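Dear colleague,

Please find below the sequence and structure that I am handing over to you. My notes on what was found follow directly after it.

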Amino acid sequence: MWKVVWAALLLLATVCVQRGYTKEAKGAQSLGHVSVVIVGGTGDLAKKYLWQGFFHLYTNQVSSGYSFSFYGGGLSPNDKATPILFEVLKGVVCPRELSVERCALVKEQFLRLAEYRQLNTSEDYQALGKHLTEQLRQEGLVEAGRLFYLSVPAFAYADIAEKINNNCRPTDGAWLRVVLEKPFGHDLSSAQLLSTQLGASLKDNEMYRIDHYLGKQVVSKILPFRRENSKHLDLIWNKHHIERVEIVLKETLDAKGRISFYEQYGVIRDVIQNHLTEVMTLLTMELPSNLSNTKEVLKNKLKIFSALQRLDRNCAAIGQYQAYNAEVQEELSKTREHFSLTPTFAGIMVHIDLAQYEGMPVILTSGKMLDERVGYARILFKNDIFCIQSHSSVHCKPKQIVFSFGHGTLQYPAILVSKNLFKPDLMDTEWKEVTEHKDVSVLGLPISDYYVLTPTVERESYAELILHIFQGRKDSFISAENLLASWSFWTPLLQSLADTFPRLYPGGADNGNMLDFKLLGRKVTFANEALVMVTQDHMGGSGRESFQVMQGKYRSADMVSAWPEELIVRLAGDLQVAAENAVREGGRFHLALSGGSSPLALFQRLARHHYSFPWRDTHVWMVDERCVPLTELDSNFRTLHDHLLQHVKMSYFNIHPMPVQMNQRLCVEEDSGALLYESDITQLVNASSFHFVLLGVGYDGHTASLFPGSKLDASGNSLVAFTESPAKPHQRMSLTLKAINQAQKVGVLVMGKSKHELVTQLSRVKDNPKHWPITGIRPTSGRLVWYIDYDALLG
Ligand SMILES: *[C@@H]1O[C@H](CO)[C@@H](O)[C@H](O)[C@H]1NC(C)=O
Ligand SMILES: *[C@@H]1O[C@H](CO)[C@@H](O)[C@H](O)[C@H]1NC(C)=O
Ligand SMILES: *[C@@H]1O[C@H](CO)[C@@H](O)[C@H](O)[C@H]1NC(C)=O
């Protein structure tokens, strides 16, 4: 009986609260009863934000005529979780406007209205449904609605939604609202699947997909601000005046402790696809004629999505903080061979195909382990005034509007308009102008050069959004249509980045200018292309023992570098990944390997450590061969056979030695060995495009058996050719540049101190395949990666 207590009575007197409400009071005041269920009610998010948000709702609505009951649900049995829940509930704090006595009273009340329930099986949900209905009946209450907040991992959504649908729908005429937290899928198809699964149990208007960024006061003020200042902004909110838009979320924390989540998502899925993209749409969408019209708001957002230019790998610069890989190995119990390509930093340039914004870059950037914690959007305007005495004139300073979401040098949320733009209108009593400042700078301007607006009362975004859910306002939530539009936009980029090496960065202030990126037309590249050397102190172990791999650029292609053992581990790992991908996609992996001594260690590693390598579906081809019988020690095939092929389980049919010996003679043009090999490739390898070609490079810059000065026509059409070597045996058979450049991935392995001079020299020369055949390796649509050990790189 005591559980449902009329809020209105709280106002009358403290003595009444225990049990003392009457039926009459209920009837007179009742707008109906609301049951709130937080599934995952003792989880982190609930502890940190949700209970506080619902308590805020309760204090806000306590005298509105609604009555409430609250349930924290979880998998644990009642006796275990009830004390935990009450520990959390005791921690909620009152809004400042409540007096101490009143706070104590309301809080006590709130605690009485809350209970824990085990919600695991269908029977548990059935019992909950029964309990809710029974309670209404006993108390003679009219039901207003039921609010379920699913604060659980996304994989559980569909199942819980089904249980709610089957067991916990409210009585006729009352609403059902089910709140979901991101992630809503990890790409377009998974988001579609989730959407379909949820759609089987819930109507779209019953689902509230929350993006807590939309509850941030500054973010939710973007549209009203644009409206209130439209007389200033209408003229300048376009490509003619805006230099660029930057939307930035920098974090100082790492992903430790939540790697199993992060490894599947990465920075783009974690915060850019949702939070930053939402901010971008708010800044660029057409202003709805009525800001409180949810339909119009969502429709205008959708228009932006359909005008976004498709992104490819060139539109993004990605990084990974250096300790990340070790954290992955540890938290996911991976071996030292495991390498993660998950980006923890990304800078992305977006363009909008609307006449208003044509050519105007929108930059979205976020990362972990950066130098400061800050979130903001900045509209930087063009400045066409040339100042002679630059410091004396306000015209010369950046013209910008900054929406500062919180943190950073400015300790409060604010909208800042540089004084050389206009003085913003303040039409909203919930906002005020700040005129007294600490001595700080924001994005290149002292704070005194801005007009600064801030909310009169700071509010937590969950509390704000929970209030919206209670009011049934959907404009600050993600509709199914908008969600899918966002994933359609991001998925192609995510796919194209899936096998791109992120640049490693050490973290914090040590990042220096490593992550600065520049915009070149439609392309984003790191501003500092130079080789970057990073030490790996945080990775455990020491000296040569500790794992050290660095990534950088060499001859404008990707480079991986490490001590020799680690480099081989890395290359073998990359080969295995390429093999697994190829087999998954087309059932076969076509690998072309070269001779020489560098790959021996690789062959040994593949033979001894990669038990799960899909050898059965792998075809091994030769990059080149000497014109000697295949059984001779000189033969590249013989080396490959002895060190790799005889140790792995492969079908004889999948091994393709070069036919250098035909009709009991070696490499005679009229025996057409080269043509024969070429026709094997054409028949077996899809589009004659090998999945992976592994090359070495000689002191003279030769690769495969393509030697300097060779008459081989680099643009020739054959895939296989006879060539001449300056060294014995002079005659060779080799894949041509064309065959190699058609490959999907080309790795060049360079090892040993003796190669240092060559590496240095090659880093300086221009492409000149005649003198330096290796410089003719430029995959047409595939990727080139240099694997250079530290001995060769650093000498
Ligand atoms: C939840 O239900 C499943 C299936 O009935 C059961 O195996 C599991 O032990 C239950 N979990 C808890 C914590 O009771
Ligand atoms: C704006 O839309 C809201 C919600 O649809 C409606 O209640 C309100 O009357 C509208 N205001 C105007 C001026 O049309
Ligand atoms: C074969 O190559 C073509 C064109 O390069 C490509 O579109 C197709 O997906 C490939 N097929 C398989 C099975 O890999």
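Strand E7 pairs with strand E11 (residues 374-381) in the antiparallel sense, and the pairing runs over eight bridges. Within this pairing, Val245 has Ile379 of E11 as its bridge partner. Please bear in mind throughout that this is a predicted model.

E7 has a further partner in strand E10 (residues 362-367), with which it pairs in the parallel sense over six bridges. Here Lys250 stands opposite Gly367 of E10.

I turn next to the cysteines. How many disulfides does a search of the whole structure find? The search finds two. As a reminder, a disulfide is a covalent bond between the sulfur atoms of two cysteines.

One of the disulfides is formed by Cys94 and Cys103, whose sulfur atoms are 2.0 Å apart. The torsion about the S-S bond of Cys94 and Cys103 is about 90°, so this disulfide is right-handed. Are these cysteines buried or exposed? Cys94 has a relative accessibility of 18% and therefore counts as buried, the cut-off being under 20%. Cys103 is buried as well, with a relative accessible area of 18%.

The other disulfide joins Cys627 and Cys667, with 1.9 Å between the sulfur atoms. This link between Cys627 and Cys667 is left-handed, with -90° about the S-S bond. Cys627 lies in the loop between strand E25 (624-626) and helix H19 (636-643), while Cys667 lies in the loop between strand E28 (665-666) and helix H20 (673-684), so the pair ties together parts that are 40 residues apart in sequence. Cys627 counts as buried at 7% relative accessibility, and Cys667 is likewise buried at 7%.

Two further cysteines may be of interest to you. Cys168 is buried, with a relative accessible area of 0%. Cys315 also counts as buried, at 8% relative accessibility.

The remaining notes concern the ligands. Which residues surround ligand 1? They are Leu75, Gln118, Asn120 and Thr121. The protein buries 32% of the 360 Å² that ligand 1 exposes when taken alone. The shell around ligand 1 consists of one nonpolar residue and three polar ones, with no charged residue. In the side chain of Asn120, an N or O atom is 2.3 Å from an oxygen atom of ligand 1. For Gln118, the distance from an N or O atom of the side chain to an oxygen atom of ligand 1 is 3.3 Å.

Around ligand 2 there are Asn290, Ser292 and Asn293. A polar side-chain atom of Asn290 lies 2.3 Å from an oxygen atom of ligand 2. On its own, ligand 2 has 360 Å² of accessible area, of which the protein covers 26%.

With kind regards

Notes. Residues are numbered from 1 along each chain as its sequence is written. Chains are lettered from A and ligands numbered from 1 in the order in which they are written. This is a predicted model: local features need pLDDT of at least 70, side-chain atom pairs count only at pLDDT 80 or more; totals for chains, interfaces and linings use all residues. Side-chain values use heavy atoms; hydrogens and water are left out. A residue is near a molecule or strand if one of its heavy atoms lies within 4 Å of it. A polar contact is a pair of N or O atoms within 3.5 Å; within protein, one must be able to donate a hydrogen and the other to accept it, and residues adjacent in sequence count only if both atoms are side-chain atoms. Accessible areas come from the Shrake-Rupley method with a 1.4 Å probe; for residues, only the protein chains shown count as cover. Ala, Val, Leu, Ile, Met, Phe, Trp, Tyr, Cys and Pro count as nonpolar, Asp, Glu, Lys and Arg as charged, and the others, Gly among them, as polar. Two strands pair if DSSP finds at least two bridges between them. Helices (H or I, at least four residues) and strands (E, at least two) are DSSP runs, numbered from the N terminus. A disulfide is a pair of cysteine sulfur atoms within 2.5 Å. Buried means under 20% relative accessible area, exposed over 50%, partly exposed in between (1.4 Å probe, protein chains only).
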